[in-house]
Amino acid sequence: MSTTLSPREAVGVSYDLATIKAAQAKSWEALNAIAAQVRPGMTEAEATAMGKGILADMGMELAWHPLLIRFGENTLKIFSDRSEGTAILGENDIWFVDMGPVFDGHEGDAGATFTTGNDAEMQACARDVKVLFDTVAALWNGGTVTGEALYAAARAEADKLGWVINLDIQGHRVGDYPHSVHKGGKLGEFDAAPTPGLWILEMQIRHPTRNFGAFYEDLLA
């Protein structure tokens with residue numbers, strides 16, 4: 001890889017842009033396979049066990065972060081929070097998947113939100129978190145925009161859409177495993193333009209009055 005803009009964008013000797021893109025594509029394949037098997041009546045623990053089986057079958061080498069599946073009110077929680085209670089997916093509910101598998105020595109990181117039933121506000125939340133992601137990602141694709149500016153835009157766009165953004169979630173590094181040795185920090189605190197293939201853009205929003213939210217993340221590549 002060519003010289004990076006910042007020590008926060010350091011990579012290991014095995015890092016390859018095409019390989020991390022392939023790892024991310026495989027992560028999305030796995031996420032969609034898991035989502036297709038989640039049904040009302042499942043507990044988070046049952047869904048997670050099912051998801052781990054799918055990832056193993058797809059050849060995941062290890063998980064650089066654990067598979068998380070959140071139902072209902074637990075969609076308000078950030079990665080480091082523990083889920084509360086024995087969450088069971090309802091007939092009219094919202095839920096998300098967040099995974100960090102390693103394929104071919106490179107880290108994937110995919111997250112998306114889904115709904116069951118016909119709760120219009122939940123459906124809008126799941127839809128708009130992807131709209132928010134796409135809007136902010138388009139700014140990055142459009143020119144030289146710092147990580148800080150991306151999350152300033154995310155706050156403004158979330159307000160326009162009528163949601164509350166959780167800025168405890170501000171994106172992060174990935175790379176050849178383990179990216180953590182490079183101490184990249186939060187994308188939202190990065191004062192340079194993010195280099196393709198090194199950063200995960202993530203969005204988490206919540207309903208302004210009801211106890212649910214939505215999450216979406218993908219690689220800026």
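Leaving aside neighbours within four places in sequence, Asn-74 is in contact (heavy atoms within 4.5 Å) with Glu-44, Ser-83, Glu-84 and Ala-87. This comes from a predicted model, in which local features need pLDDT of at least 70 and side-chain atom pairs count only at pLDDT 80 or more, while totals for chains, interfaces and linings use all residues. Residues are numbered from 1 along each chain as its sequence is written, and side-chain values use heavy atoms, with hydrogens and water left out.

Asn-74 sits in the loop between strand 1 and strand 2; helices (H or I, at least four residues) and strands (E, at least two) are DSSP runs, numbered from the N terminus. With a relative accessible area of 4%, Asn-74 is buried. Here buried means under 20% relative accessible area, exposed means over 50%, and partly exposed lies in between (1.4 Å probe, protein chains only). The side chains of Asn-74 and Glu-44 are joined by a polar contact of 3.1 Å, that is, a pair of N or O atoms within 3.5 Å; within protein, one must be able to donate a hydrogen and the other to accept it, and residues adjacent in sequence count only if both atoms are side-chain atoms.

Glu-44 leads on to helix 2, being one of its buried residues, along with Ala-47, Thr-48, Met-50, Gly-51, Ile-54 and Leu-55. They are on the same side of helix 2, because they cover an arc of only 165 degrees around the axis (the arc is that of the directions from the helix axis to the C-beta atoms). An α-helix has 3.6 residues a turn, so residues three or four places apart point the same way. The buried residues of helix 2 pack against helix 1 (17–35), strand 1 (62–71) and strand 2 (93–103). On the face turned away from that buried side come the exposed residues Ala-45, Ala-56 and Asp-57. Just past helix 2, Gly-59 has a positive phi of about 90 degrees.

Then there's helix 4. Its buried residues are Gly-147, Leu-150, Tyr-151, Ala-153, Ala-154 and Ala-158. Seen down the axis of helix 4, these fall within an arc of 155 degrees, so they line one face of the helix. Among the elements covering them are helix 3 (120–142), strand 5 (164–165), strand 7 (199–206) and strand 8 (213–220). Exposed Asp-159 and Lys-160 are carried on the face turned away from the buried side of helix 4. After helix 4 comes Gly-162, with a positive phi near 90 degrees.
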